[in-house]
Amino acid sequence: MQRGREPEGVRSGVANPVTALTGDVPVELDAEVFEERRGRTRKGKPVGRYLMGVHAQGNATHIAILEGRSLIEHYVARPSDDITQIHGNIYLGRVQNVLPGMEAAFIDIGTPKNAVLYRGDLHFDPDDLEVNDDARIEQLLQPRQTVVCQVTKNPIMHKGARLTQEVSLPGRFVVLVPNSRTVGISKRLPDAERKRLRKIVDGARPQGHGVIVRTAAESITAPEIERDLARLVAQWEKIDALARKASAPALLYREPDMALRVIREEFSKDFRSVVIDDKAIFDDVHDYVASVSPPLAERVTYFDPATEPLPLLERFHITEQLRRGLDRKVWLPSGGSLIIEHTEALTVIDVNTGKNVGRSSLEETVFENNLEAAVEIARQLRLRDVGGIIVIDFIDMEIKKNRAEVVRVFREALARDKTRTQVFDISELGLVQMTRKRIGEGLLESFSAPCPSCEGRGVLLDETLFGS
């Protein structure tokens, strides 16, 4: 299928992708604010809970995030991801067909499989008297109609991408929601900070557009937020202008390269360093950070492969943790283990005591093993980027208080994960059912391909038993 035209200065492959994200104007801060944003140091070196490593090789770029020395997130970006990793891209799509029974429409956005737009993801002007909340999808969309839409979920296996008409453009400190009345402040911020930022946003919000303030905006000044908003508004005006003259299907906006995208979403003073072994990526990332958070620019460092004794992934023990992250069996510190099995419908995790024999009683042994498992499962879900339905079989506990404590610890561990999750209490069968939003393909899929002989089933049929 024909791919859409790309707007100049928007795609990450342009001469200066930083300009498309932030503009050329550096942020000016006074000395006191600069030191506060810079974060803590010890003996002149930055102190932080996290470290990010970016490794570039011929056919892929790896981005790894470590908490202490433990790998908690890993991303792989390839040149072919322009087709499969399109989360956040904005398209001018053409409606192919509308299915009232599914309350969905299939949209041609120029990818191999048509994307799907559900009724709940449609966006219309609330002042339009001809449209109401009860209107059916066939009343709102017609075949061959063109729509501006954004990808909220990548295509996975035989499923096409999922779309929304409520477009959003993320900046460093705020998210612009064009043609909306939405105003929101991150719930992760303290109440006093939320009130301060609300006053700033009420005065700076562009007319006709909504704004969501991100967690990264903590302690940010009004001029910085206004500058971030101005960049996003200018970016949206380019996208809107292109949508008016382009022919569907067309790509209107492409998310930046993975490294810049992860930096935009994750990097803060909680990171002690971002280590990059590719000079071109280092220059882009350093320029971007210097544009939006000058105090943190010194934490972006170049790892020269020519002078370092070990490759970056080995230097920080990332490779060995990746290999363990691909195993179906995960050992717990006390000797217990997890067995993680994937199917197309769901992921099942079985908790075992294994070599853990405990000290005083069976209930105490099982309880402590389950607590360890709860923390490790949360890390594994994040590392492996497991999405969809997940069922966890904890070891049976007799005491109700212990069961409640295991679920509490599990939810607390999941709270560090920015991906949305929903966890239910332990059922009568001793199972915890949960969901985790599926966005990417997952760690295992990033490093593997289905076996051509068994097509991923893990067994080979004996054809001689079927007769002639």
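Helix axes here are lines fitted to C-alpha atoms over the stretch in contact, and angles run from 0 to 180 degrees between N-to-C directions. The model is predicted.

Start with the whole protein. It has 13 helices and 23 strands. Of its 468 residues, 47% count as buried. The exposed surface comes to about 24900 Å². Carbon and sulfur atoms supply 50% of that area. Now take contacts with a separation of 6 or more: residues 24 or more positions apart account for 67% of them.

Next, two helix pairs. Two packed helices are described by the angle between their axes and the distance between the axes.

Helix α5 covers residues 191–204, and helix α6 covers residues 222–245. Their axes come within 10 Å and cross at roughly 45°. That angle makes α5 oblique to α6. The crossing is right-handed. On the α5 side, the contact uses Leu197, Ile200 and Ala204. On the α6 side, Ala222, Ile225, Glu226 and Leu229 meet them. By class, this contact has six nonpolar residues, no polar residues and one charged residue.

From α10, the contact draws on Gln321, Arg324, Gly325 and Leu326. From α11 come Arg379, Gln380, Leu383 and Arg384. The class count for α10 with α11 is two nonpolar, three polar and three charged residues.

How values were computed
Residues numbered from 1 in each chain as written. Predicted model: local features only at pLDDT ≥ 70, side-chain atom pairs only at ≥ 80, totals over all residues. Heavy atoms only, no water. Contact = heavy atoms within 4.5 Å. Helix = DSSP H or I, 4+ residues; strand = E, 2+ residues; numbered from the N terminus. Nonpolar A, V, L, I, M, F, W, Y, C, P; charged D, E, K, R; others polar. Buried < 20%, exposed > 50% of the residue type's maximum accessible area, 1.4 Å probe, protein only. Areas by Shrake-Rupley, 256 points an atom, 1.4 Å probe, with all protein chains shown as cover. Parallel < 35°, antiparallel > 145°, perpendicular 65-115°, else oblique. Left-handed = near helix turned anticlockwise from the far one by under 90°.
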